[in-house]
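Visitor: I would like to learn how to read the aromatic pairs and the sheet of a model, one feature at a time. Could you take me through them?

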Amino acid sequence: MRKLIKSIYYSFPIQLLFLHFRSNLILLVIWIILSLFVTSWTGEKFGLPFLFLSPEYLGKVGFWSFFILGFAFGAMVMTWNLTVYLLKAHFFPFLASLGRPFTKFCLNNIVLPSAFVLLFLVCQIRFELYYEYLPLTQVLTNSTAFLIGIFSLVLFIAGYFQFTNKDILSYIDPKKNIPPNLVSEPGRRKISEIEELKQNENHFKVLTYLTESFRPRIVRSVAHYDSKILFRVFKQNHTNALIVQLFSLVILIALGYLIDHKQFRIPAGASIFLLSSIIIAITGAISYWFQKWRFFVLLILFVVINQITRYDLFHHKNKAYGLNYTTEKAGYSYEDLESICSSENVDVDRENTIKILDNWLKKNQPKKPKNPKMVFYCVSGGGLKSATWAMKVLNHADSLTSGEFMEHTALMSGASGGMLGTAYFRELYYQKKTNALNNLYTQTHIDNIAKDLLNSVSFTIISNDLFMPWVKFKKGGYEYVKDRGYIFEKQFNENTNFLLDKTLNDYTQLEKGAEIPLMFITPSIVNDGRRMIISSQGISYMMAAPIGIEIPHSVGIDAVDFGRLFEKQDAQNLQFTTALRMNATYPYILPNVYLPTNPRIEIMDAGFRDNFGIKSATRFIHVFENWIRENTSGVVLVIVRAYDRNKEISSSENEGIFESIFNPLGIAGKILTLQDFEHDTNLGFLYNLLGKENFDIIRFTYHPGKKINEKDASISFHLTTREKNDICDAINSPENQQSLQKLKTLIIND
C-alpha cells in the first residue's frame with residue numbers, strides 16, 4: 001500500500017498539479033473564476049452562469065450551441081497546456097527523451113481540465129433537468145455535443161503536433177537534419193537548469209507517467225543525454241506552441257471582421273472561454289520571455305498602454321451614430337447650457353409641447369363628457385428582464401383597456417432595458433394604428449424583445465474590441481467604426497425586425513400629432529453627472545426646474561437638451577437605436593459614447609441618475625402644471641419596476657476589522673435605494689402640486705416566482721426560457737392584477 005501511495009504521489013499528473021499550485025497561481029485563478037461561474041457561486045445576478053449552462057447560438061439552445069461551447073473550451077484547454085509546457089516543461093527533462101513529448105505532457109496535465117469538465121457536466125445536467133424541464137435525451141445530447149466539441153479541437157491541435165513536433169531521436173540520428181532554427185547554440189542559463197534537473201537537483205521528483213493509452217510507465221534517467229539536445233527538443237516544441245498560439249490569435253482577430261454575419265456570433269460562454277485563452281497565452285508569453293522580471297514588465301506595460309491610449313490614434317472611442325463629428329464641436333460649458341435654456345428657447349419649446357398636448361386632448365376628449373386622465377409611463381432599468389417586463393405590462397394594460405392606455409399616455413421615460421421594451425411597444429402600437437400590424441398583443445413581440453443580445457456583444461468584445469477596432473461602416477451619411485456598440489444595435493434590430501431602425505427625426509411629426517406618446521431618453525453624462533435628455537422635440541424647459549428659468553441662477557441646470565446642444569451636429573439624424581443604447585450603457589458591457597463637444601463629454605447608463613424615469617415625469621408635470629389642471633381630470637403615474645425596493649436590511653454586527661474599515665463606503669453601492677428615497681420626495685411634491693384627488697400612482701413590480709425557485713431573474717442582456725416565462729407570469733400576481741383593475745377603472749370608468 002505504501003508503495004502504491006508513493007507511486008501515485010510521485011506520478012507525473014500529481015506532480016504537475018503540485019507545480020500549478022506552487023508557481024502557476026495566476027493561471028489557476030482563471031480556472032477558479034470559471035468554476036464559480038458554472039456553479040452559480042458568483043455572477044448569478046447578472047446571468048453569467050446561464051451563459052455556460054444554457055448557451056444560445058442562432059437563437060437556439062441545442063447541439064450546435066454546446067458543440068461551439070465545447071470547441072472554445074477545448075481551445076482554452078490546449079492554450080493552457082501550451083502555456084504550461086512553455087513555462088514548466090524544462091522542469092521534467094525526461095519528457096525530451098520520449099516520443100511525442102507534448103502529447104504525453106497534455107495527457108498527464110489532464111487533472112484540472114477533467115475536473116472542470118466533470119463539474120460543468122454535473123451543473124449543466126442538473127440545470128437543464130431541474131430549471132428547464134428538458135427531456136433527459138435532450139440534456140444528454142447537449143452534454144455529448146460539449147464533449148465532441150472539446151475532442152474535435154484537441155484532436156485537431158494534436159494532429160498538428162503529431163506531424164510537426166520533433167523528439168530526441170530526430171537529433172540523435174545523424175542521417176536527419178536539425179531544423180535551421182535549432183542549429184544556434186542554446187542559452188547557457190537554460191542548459192545549466194537542465195543539467196541540474198538531470199541530476200534530480202529539483203524537488204519535482206517523477207517516478208511514473210501516463211502513456212497515450214493511459215497506462216503508467218516508469219520514468220527513465222536522462223543523465224546520459226547531452227543537455228544541448230534536450231534543450232533543442234524543448235525549444236522546437238516551444239516554437240510550435242508559440243506558432244499555434246499566434247495562429248489562434250490571428251483567427252480570433254479575423255473573426256472580428258465577420259461580426260455582421262449571424263453564423264459567426266458564437267455563444268457568450270464560448271467567448272468567455274476564448275477570452276480566458278487569450279489571458280492565459282499573454283500571461284504565459286510574458287512569463288516565458290521575461291521570467292523573474294515578469295511582474296515589473298507587466299507594470300511597465302500597463303503604464304505604457306495607459307499613456308499611448310490617451311491619443312485617439314491608439315484609443316478607439318465609440319460615437320453616436322448619425323451625429324456629425326467632422327464639423328465644429330458644440331460648446332459645453334455652463335454658459336453654453338445657460339444660452340440653450342434661455343427664456344426665449346424655453347418659451348418656444350413650451351408652446352410647441354402645448355400644441356402636442358392639445359393634440360393629445362383632441363384625440364381623447366370626444367370619448368367622454370369630462371376631461372381625460374393623463375398617463376405617464378415610467379419604467380426601471382434591468383437588462384432584458386426589465387425590457388420583457390415593460391412589454392408584458394404594456395401588453396396587458398393596453399389590451400385590458402381596449403387600446404385606451406396608449407391613447408391616454410402622454411410621456412414615456414425610464415432607463416436601460418426598460419426603455420428597450422417600451423420603445424419597441426410604442427413602435428408596434430404605431431404599426432397597428434397604420435394597419436401595418438395585425439395583432440399588437442401577440443406573445444411573439446414579447447419573445448422578440450427577450451431574445452439574446454449578450455452573445456453578440458461578448459463575442460465582439462473578444463474578437464474586436466480587445467484589439468484595435470478597424471472595420472468601418474456608414475450610417476446616416478457619416479462614417480464610424482464597428483465595435484460592440486455597433487453589434488448591439490444590429491442584433492437588437494434583428495431581434496425586433498428592424499422596426500426601430502430609424503432616426504429621431506422619423507418620430508418628430510408622429511409625436512407632434514400625438515399619434516404616439518412623447519418619449520424622453522435620459523442617459524447620464526459622466527463628466528458632470530447631468531442628464532442628457534434625448535427627444536425628437538425641443539425640450540429646453542427640462543434642463544432646470546421652472547423657477548430656474550424664471551429667476552436665473554436660483555437653481556442649477558441639471559439636464560441638457562440633446563437636440564438643441566447638437567443642432568449644428570445634425571442631432572435629429574441620430575439613430576434611435578443609438579439613443580436607446582446610450583440609455584442602456586452599463587459599464588464594460590457596452591462602450592461609453594463620446595459626443596462632439598468641447599471639452600469632450602461621454603455618456604453612460606441612465607440608471608446612474610434616474611433608474612426609473614420619475615425625474616422626467618416629475619419635471620414635465622411641474623412645467624405643464626397649469627395646462628394639466630385645466631385640461632385633464634388628473635394624472636396617473638404608472639411605475640413599472642423589474643425588482644422590488646423592499647429588501648432585507650443587512651446587519652453591521654460581528655464585523656471583522658477589514659469589514660468595519662470598508663463598511664462606510666457601502667452606501668455608494670446603494671445608489672438605487674438612494675434614488676428610491678429621492679423619488680419618494682418627488683412623488684410627495686406631485687401630491688401637493690396636483691392634489692390627492694388628481695394624482696394616482698399605480699405600480700407594477702416583478703416578483704420572482706416558483707419557476708425560478710424564488711430567485712430574481714438576472715440583470716443582463718440574456719434570459720433563459722425559464723426566466724422569461726417567470727417574468728411573464730408575474731403579471732398574474734394578485735398585486736399586479738389589482739393594479740391592472742385600478743388602471744382600467746381610472747382610464748375607462750373615471
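Guide: What follows goes from the overall picture to the aromatic rings and then to the sheet. This is a predicted model, in which local features need pLDDT of at least 70 and side-chain atom pairs count only at pLDDT 80 or more, while totals for chains, interfaces and linings use all residues. Residues are numbered from 1 along each chain as its sequence is written, and side-chain values use heavy atoms, with hydrogens and water left out.

Visitor: How many helices and strands does the protein chain have?

Guide: The protein chain has 31 helices and 17 strands, where helices (H or I, at least four residues) and strands (E, at least two) are DSSP runs numbered from the N terminus. Of its 750 residues, 55% count as buried; buried means under 20% relative accessible area, exposed over 50%, and partly exposed in between, with a 1.4 Å probe and protein chains only.

Visitor: How is a pair of aromatic rings described?

Guide: A pair of aromatic rings is described by the distance of the centres and the angle of the planes. Rings of Phe, Tyr and Trp (its six-membered ring) pair if their centres lie within 6.5 Å, and planes under 30 degrees apart count as stacked, over 60 as edge-to-face and the rest as tilted. The structure holds 34 aromatic pairs. One of them joins Trp64 and Phe67, whose ring centres are 5.5 Å apart with planes at 80°, so this pair is edge-to-face. The two residues are three apart in helix H5 (residues 63–88), and therefore about one helical turn separates them.

Visitor: Is Trp64 buried or exposed, and is Phe67 buried or exposed?

Guide: Trp64 counts as exposed, at 54% relative accessibility, whereas Phe67 is buried with a relative accessible area of 18%. A further pair is formed by Phe612 and Tyr643, with ring centres 6.5 Å apart and planes at 65°, so it is edge-to-face. This pair links distant parts of the chain, 31 residues apart: Phe612 is in the loop between strand S15 (601–604) and helix H26 (614–623), and Tyr643 is in the loop between strand S16 (635–641) and helix H28 (657–662). Phe612 is buried at 1% relative accessible area, and Tyr643 is buried at 8%.

Visitor: Which residue lies over the face of Tyr507?

Guide: A charge sits over a ring if NZ of Lys or CZ of Arg is within 6 Å of the ring centre and within 35 degrees of the ring normal. Arg426 lies over the face of Tyr507, at 4.7 Å from the ring centre, and the charged end of Lys317 sits over the ring of Tyr594, 5.4 Å from its centre.

Visitor: In what order do the strands of the open sheet run?

Guide: Two strands pair if DSSP finds at least two bridges between them. Here five strands form an open sheet with parallel pairing, in the order S9-S6-S5-S16-S17. Strand S9 (518–521) and strand S17 (695–701) are the edge strands, each pairing on one side only. The twist averages 15° from one strand to the next, with axes being lines fitted to C-alpha atoms (for helices over the stretch in contact) and angles running from 0 to 180 degrees between N-to-C directions. Strand S5 (residues 374–379) pairs with S16 in the parallel sense over six bridges, and Val379 stands opposite Val640 in S16.

Visitor: Which strands does helix H16 lie across?

Guide: Helix H16 (residues 383–400) lies across S5, strand S6 (409–414), S16 and S17, running at about 160° to S5; contact means heavy atoms within 4.5 Å. Helix H31 (residues 734–749) lies across S5, S16 and S17, at about 145° to S17.
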